[in-house]
Amino acid sequence: MAYKTILVHVDEAPHSAARILLAGELALQEGAHVVGVATTGISRFLYQNETVDDNDPNLARHLDILRERAGHALADFAPRLQALGVQSFEQRILDDEPAAGLSLMARHADLLIVGQLDPRGRGPDVPAEVLAGSGKPVLVMPFAARTWSAIAVGSDGVASPGGPAPARHILVGWNASREAGRALQDALPLLRRADSVTVAIYDAEARPGVFGEPPGTDVLAWLERHGVMAQLVLGQSERQGILKRPGDVGGQLLALAGERACDLLVMGAYGHSRFRETLLGGVTRSVLDAATLPLLMSH
């Protein structure tokens with residue numbers, strides 16, 4: 001597994017620059033090509049709707065304004081990558097809604113970088129939608145992300161590909177699900193370069209035999225065969241209600257990440273249906289909403 005094509009969503013949000021920065025850092029590490037994508041927000045299905053008059057001057061003017069905004073969002077994309085020394089990149093404007101357009105383009109990429117949903121709840125929930133629709137690993141940058149590089153830039157203004165990895169201390173949320181297994185596989189390029197990796201398992205005793213004996217043995221052995229030496233943390237969630245269901249595992253993962261000064265959380269997304277998690281809550285939803293560090297998720 002390697003990230004040779006990195007797709008990054010570029011918009012007018014304040015933390016869009018942080019996404020471009022991370023994409024550039026990863027490109028230097030992986031020798032990857034970066035594709036910056038801005039969208040107009042108009043569904044591609046509009047163009048297939050025969051009831052829409054594509055000769056309407058008002059429609060044409062509206063489309064021009066939206067494309068101009070998308071172009072403005074991309075204005076700093078190339079300069080920021082060039083400042084890091086990234087050589088291979090391109091930018092595109094898509095006439096589509098953000099999540100739909102990104103999900104489609106991500107099928108020709110190895111990694112998709114998007115921004116966390118605005119805490120005020122404005123705009124589409126791009127992270128949730130691309131996780132469900134892209135079929136690729138999604139790296140979600142927090143709303144309050146860093147804007148300085150983790151890779152040293154020399155006096156000539158070019159960053160060294162051998163600099164420190166963007167994710168140096170990684171926490172893995174492991175529940176032995178299909179989604180978690182996919183996320184762990186997708187994160188291998190980052191895990192191999194990390195200074196430290198912690199694997200957290202909650203409520204292992206509730207599922208005997210699933211995590212190896214003793215719990216965590218199997219996942220640690222798999223990582224070691226891939227050159228990743230990890231520490232194990234076994235936790236117990238607070239049980240809630242008459243049925244003693246597990247409590248807020250998402251909140252406990254984020255708290256553990258803070259305690260260990262982690263700069264990336266890796267986990268599977270939507271082990272239950274997205275509808276169920278949206279309606280009833282779940283680990284994915286709580287982490288997406290409350291994270292203050294980057295998340296690498298796979299579904």
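## Surface and overall make-up

The protein exposes about 14,400 Å², and carbon and sulfur atoms supply 53% of that area; accessible areas are computed by the Shrake-Rupley method with a 1.4 Å probe, and for residues only the protein chains shown count as cover. This is a predicted model, in which local features need pLDDT of at least 70 and side-chain atom pairs count only at pLDDT 80 or more, while totals for chains, interfaces and linings use all residues. Residues are numbered from 1 along each chain as its sequence is written, and side-chain values use heavy atoms, with hydrogens and water left out.

Of the 299 residues, 47% count as buried (under 20% relative accessible area; exposed is over 50% and partly exposed is in between, with a 1.4 Å probe and protein chains only). The protein has 11 helices and 10 strands. These are DSSP runs numbered from the N terminus: helices are H or I with at least four residues, strands are E with at least two. Among contacts (heavy atoms within 4.5 Å) between residues at least 6 apart in sequence, 77% join residues at least 24 apart.

## Helix H1

Helix H1 covers residues 16-30, and its 15 residues reach 21 Å from the first C-alpha to the last, close to the 21 Å expected at 1.5 Å a residue. The expected span is 1.5 Å times one less than the number of residues. Because 15 of the 15 residues of H1 are buried, this helix is largely enclosed by the rest of the structure. Gly31 follows H1 and has a positive phi, near 65 degrees.

Ser103, in helix H4, has 6% relative accessibility and so counts as buried. Not counting residues up to four places away in sequence, Ser103 touches Glu129, Val130, Gly133 and Ser134. Ser134 lies in the loop between H5 and strand E5 (138-141), and at 2% relative accessibility Ser134 counts as buried. Leaving aside neighbours within four places in sequence, Ser134 is in contact with Ser103, Ala106, Arg107 and Leu112. The C-alpha atoms of Ser134 and Arg107 are 6.4 Å apart, although 27 residues separate them along the chain.

## The second largest pocket

The second largest pocket holds about 650 Å³ of space. On a 1 Å grid over the protein atoms alone, a pocket is an open set of points with protein on both sides within 12 Å along at least five of seven lines, where a 1.4 Å probe fits; lining residues have an atom within 4 Å of a point. Grid points are joined across faces, edges and corners, and the volume is the space filled by probe spheres set on the points.

The pocket is lined by 29 residues, and His9, Asp11, Glu12, Ala13 and Pro124 lie nearest its centre. Strand E2 (33-39), helix H2 (57-73) and helix H5 (126-133) each supply at least two lining residues. H2 gives the largest share, four residues. The lining divides into 13 nonpolar, eight polar and eight charged residues (nonpolar: Ala, Val, Leu, Ile, Met, Phe, Trp, Tyr, Cys and Pro; charged: Asp, Glu, Lys and Arg; polar: the others, Gly among them).

## Val283

Val283 is in helix H11 (residues 283-290). With a relative accessible area of 30%, Val283 is partly exposed. The C-alpha atoms of Val283 and Gly250 are separated by 4.6 Å, and the two residues are 33 apart along the chain.
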